[in-house]
Amino acid sequence: MSEKFCIFCGEKPKDKNQEHVIPQWLIHMTKREKGDVFSLYPDAKMHLPFMRFTFPACTECNSKYSRMEAMVKPVLERVLSGQSISGADASLLMDWFDKVRIGLWLSNMYYNPKLKQEIGPHFFIDSRVAKTDRMLSVQKLKLSDSENKGIYFNGTQTQLFNYCPSAFTMVINDYYFFNASNNNLVSPRVGFPALSDVKVEDESTGSLSADFITGRHKVANPIIQSFIPNKESITFYQPIYRDYLCIPDFPKDDYVVEHSYDVSNGLGGVFVQKGNAGNTRYLHPTDKVGTKLNSIPMPDISSDVLQFQNAIQSKNIVSSPDTLLGKNINAIILDSMKRQK
Ligand SMILES: [Zn+2]
């Protein structure tokens, strides 16, 4: 990988330009033009205004994602004003959260060459958007006078996130978004086939073998056993099986086909849950769901996301078939957690 890489495709940037990981429209929407990206990081050695939080990208890659940004902005605005969105909107919004989450992860590599060398990122934004099961939980915050509106993210500076960028949170003005993505995160309990018995076949390439358990064809709450949504929240879940399409015995049965938005790309449909009573239901792409929420006091964001990252990691044999470091990852992380204690 070259010193300067395109955060979308990972190659040396062609017709180089700069991508804002936190898009300019969002910086303006939250009046953070002069805000410091690193103001919330306790050990921050650097300070940078949001408008200069940019990374190299190919012109072509950047234009492709500019189109996505233009489409997602009105969806986010609808959520932030409590209006309804469709299943397809929710899927797009989760694409965007994938993009931001992986962008923040890659920004860690840019600012810390030692970390980049250690991790040697094998994937970039383009290879991670809509790649594995994902979840987005939204809450509205009752901010006190001393709590400022703005953009804040959390969970992106932990060791676990560096090795497995699976979960983070973002506050946008008075809304709190909890986003996670991982294999098997939602599939088993929305009735889709689940991955089981994952084995590392080849340590050097990280290639894996796995079996599938046929799906149960029904929703079982809670969808994610280590995550009970807040009772004043709306949560979207989406199973994604893109990685498994090439596997001949992947059980792509009628239930999977009927609950998918794009079967040929392995994109399952969105399931939605209001509050935390067991009422998760499937949304067809054009079905609408209201997003109006009662506001709640600021939760303990940093501990929520850390606990969730731990829960994901402890369940994983590996973080994702195409990605990190085979089964060694658990050992590395457990070791680094012991050292941090
Ligand atoms: Zn590129």
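Guide: The chain has nine helices and 16 strands. The model is a predicted one, in which local features need pLDDT of at least 70 and side-chain atom pairs count only at pLDDT 80 or more, while totals for chains, interfaces and linings use all residues. Residues are numbered from 1 along each chain as its sequence is written.

Visitor: What makes a stretch of the chain a helix or a strand?

Guide: Both are DSSP runs numbered from the N terminus: a helix is a run of H or I with at least four residues, and a strand is a run of E with at least two. Helix α2, for example, covers residues 59-80, and helix α3 covers residues 87-111.

Visitor: How do α2 and α3 pack, and at what angle?

Guide: Their axes lie 9 Å apart, and the angle between them is about 125°. Axes are lines fitted to C-alpha atoms, for helices over the stretch in contact, and angles run from 0 to 180 degrees between N-to-C directions.

Visitor: Which residues of α2 and α3 meet?

Guide: In α2 they are Y65, M68, M71, V72, V75 and L76, and in α3 they are D89, L92, L93, D95, W96 and K99. This contact of α2 with α3 is made by nine nonpolar, no polar and three charged residues. Here Ala, Val, Leu, Ile, Met, Phe, Trp, Tyr, Cys and Pro count as nonpolar, Asp, Glu, Lys and Arg as charged, and the others, Gly among them, as polar.

Visitor: Why is G103 counted as buried?

Guide: A residue is buried if 20 or more other C-beta atoms, placed from the backbone, lie within 10 Å of its own, exposed if 12 or fewer, and partly exposed in between. G103, which lies in helix α3, has 25 such neighbours and therefore counts as buried.

Visitor: What does G103 touch, leaving out residues up to four places away in sequence?

Guide: G103 touches I7, V21 and I125. Two residues are in contact if their C-beta atoms, placed from the backbone, lie within 7 Å. E19 is 84 residues from G103 in sequence, yet their C-alpha atoms are 9.5 Å apart.

Visitor: Why is T30 counted as buried?

Guide: T30 has 20 C-beta neighbours inside 10 Å, and the rule asks for 20 or more, so T30 counts as buried. T30 is in the loop between α1 (24-29) and β2 (54-57). Beyond four places in sequence, T30 is in contact with K149, G150, I151, I172 and N173.

Visitor: Why does N173 count as partly exposed?

Guide: N173 has 18 C-beta neighbours inside 10 Å, which places it in the partly exposed class. The residue lies in the loop between β6 (167-172) and β7 (175-181). N173 also has a positive phi of about 50°, although it is not a glycine.

Visitor: Why is H217 called partly exposed?

Guide: H217 has 14 other C-beta atoms within 10 Å and is therefore partly exposed. H217 lies in the loop between β9 and β10, and it too is not a glycine but has a positive phi, of about 60°. P222 is in the loop between β9 (207-213) and β10 (233-238). A cis peptide bond joins N221 and P222, with omega about -10°.

Visitor: What makes A180 buried?

Guide: A180 has 28 other C-beta atoms within 10 Å, so A180 is buried. The residue is placed in strand β7, and its contacts beyond four places in sequence include M135, L185 and F308.

Visitor: How many residues has the largest nonpolar core, and which have the most contacts inside it?

Guide: This core has 71 residues, and those with the most contacts inside it are I7, F8, L93, M135 and F236. Helix α3 gives the most to this core, with 11 residues. A nonpolar core is a set of buried Ala, Val, Leu, Ile, Met, Phe, Trp, Tyr and Cys residues joined through C-beta atoms within 7 Å.
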